[in-house]
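Please look over the sequence and the model before reading on.

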Amino acid sequence: MKNLKAAVASVAVAGALAAVSTPTLARDTINIVGSSTVYPFATVVAERFGRNSDFPTPKLESTGSGGGLKLFCDGVGTQHPDITNASRRMKPSEFERCQSNGVKEITEVKIGSDGIVIASSNEAENLEVTLKQLYLALAKQVPSPDGGDKLVNNPYKKWNEVDSSLPNKPIRVMGPPPTSGTRDAFNELVMEAGCEEIPMIEKMEGDKKDQACMSMREDGAFIEAGENDNLIVQKLTGDTAAYGIFGYSFLEENAGTLQAATINGKEPTMENISSDAYPVARSLWFYVKKAHVGVVPGLPEYVTEFTSEQTWGPNGYLADVGLIPLDESARKQWAEQAQNLKSMTGDELK
């Protein structure tokens, strides 16, 4: 894990130098934006790529999945990013925005799996919680505890008010903002799944249901902590009353100081995440702008580096920093598509 931190620092310096020395419309450094969850993995690849190839170390920026895809789809030209990382798959609306802005040819690459954890200091009381309990703890509005068929502003101040089996401590959870792919995945895998266990909400339709399921508390129980997951990690190590939401790789990196909640009876282990037994597992991706191939040097070579067995395989260097590899047949399929720079059609997203 020390190597991961060193690589992040190395790429940050290289990116800063590239930003100063490279003209806006004529650069020789790959520009990568996107997910804070994929950022540590891409950083390690970028550092290796810069050290072992004839190309400069790519510049990386952690903008969140939604923010990265917005920048990526803004247009073609070296003032725009070449690659964006994402901790969720591109949405059909984002693909259409790319198309309308002239970003016509895009190569999609699925790189592996990750889990979203609810973590706390090793010195805090750990959680054994269900998806339904997490929804009731974090949603802006929930069914009235007094019964009936209406939603009320969330009245639960402590975990044990949600369920007596939970800790007698205030609900305080730090998590990502709406621009984050981790937030998107948490909404879908936790909030939506949890609220659908409540018959009154499960019967709702359309926007009304989405609003009920995915609106987070704004009263201080849920705290948007920005795109930098390391900041959440740092705050948890000094605060035994709080919990944090971030990717499994950050838990692995800080295993000596943090612990993870059990969700629906399953712990976030590599085995449980790769088999989808852990209920909050998700896939990781990156997207390549083909119009920049041949314009910005090194793009095909970077893609080849990322999708080689020595990088993303079960014995590859990304597994050493927490990436959960795809199975062998999936790796072979995605590597072939990536290295041939196969263009998306948009049908993949439907």
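## The largest pocket

In this predicted model, the largest pocket holds about 350 Å³ of space. Of the 14 residues that line this pocket, R88, R89, D184, A185 and E188 are the closest to its centre.

Two elements, α7 (181-195) and β13 (281-289), each give two or more residues to the lining of the largest pocket, and α7 gives the most, with five residues. Sorted by class, the lining of the largest pocket has six charged, five nonpolar and three polar residues.

## Helices α3 and α4

Two packed helices are described by the angle between their axes together with the distance between those axes. For helix α3 (residues 65-72) and helix α4 (residues 92-100), the axes come within 9 Å and cross at roughly 20 degrees. Since angles under 35 degrees count as roughly parallel, α3 and α4 are therefore roughly parallel to each other.

Where these helices meet, G66, L69, K70 and F72 belong to α3, while E94, R97 and C98 belong to α4. By class, this contact of α3 with α4 has three nonpolar, three charged and one polar residue.

## The chain as a whole

The chain contains 15 helices and 13 strands, and its C-alpha trace spans about 65 × 45 × 40 Å along the principal axes.

How does the radius of gyration of the chain stand against what a compact globule would have, and what is its value? With 350 residues, a compact globule would have a radius of gyration near 20 Å, and the chain has 21 Å, which agrees.

Terms used: Residues are numbered from 1 along each chain as its sequence is written. This is a predicted model: local features need pLDDT of at least 70, side-chain atom pairs count only at pLDDT 80 or more; totals for chains, interfaces and linings use all residues. Side-chain values use heavy atoms; hydrogens and water are left out. Axes are lines fitted to C-alpha atoms, for helices over the stretch in contact, and angles run from 0 to 180 degrees between N-to-C directions. Helices (H or I, at least four residues) and strands (E, at least two) are DSSP runs, numbered from the N terminus. Angles under 35 degrees count as roughly parallel, over 145 as roughly antiparallel, 65 to 115 as roughly perpendicular and the rest as oblique. Contact means heavy atoms within 4.5 Å. Ala, Val, Leu, Ile, Met, Phe, Trp, Tyr, Cys and Pro count as nonpolar, Asp, Glu, Lys and Arg as charged, and the others, Gly among them, as polar. On a 1 Å grid over the protein atoms alone, a cavity is a set of points where a 1.4 Å probe fits but cannot get out, and a pocket is an open set with protein on both sides within 12 Å along at least five of seven lines; lining residues have an atom within 4 Å of a point. Grid points are joined across faces, edges and corners, and a volume is the space filled by probe spheres set on the points. The radius of gyration is taken over C-alpha atoms; the globule rule is 2.2 Å times the number of residues to the power 0.38.
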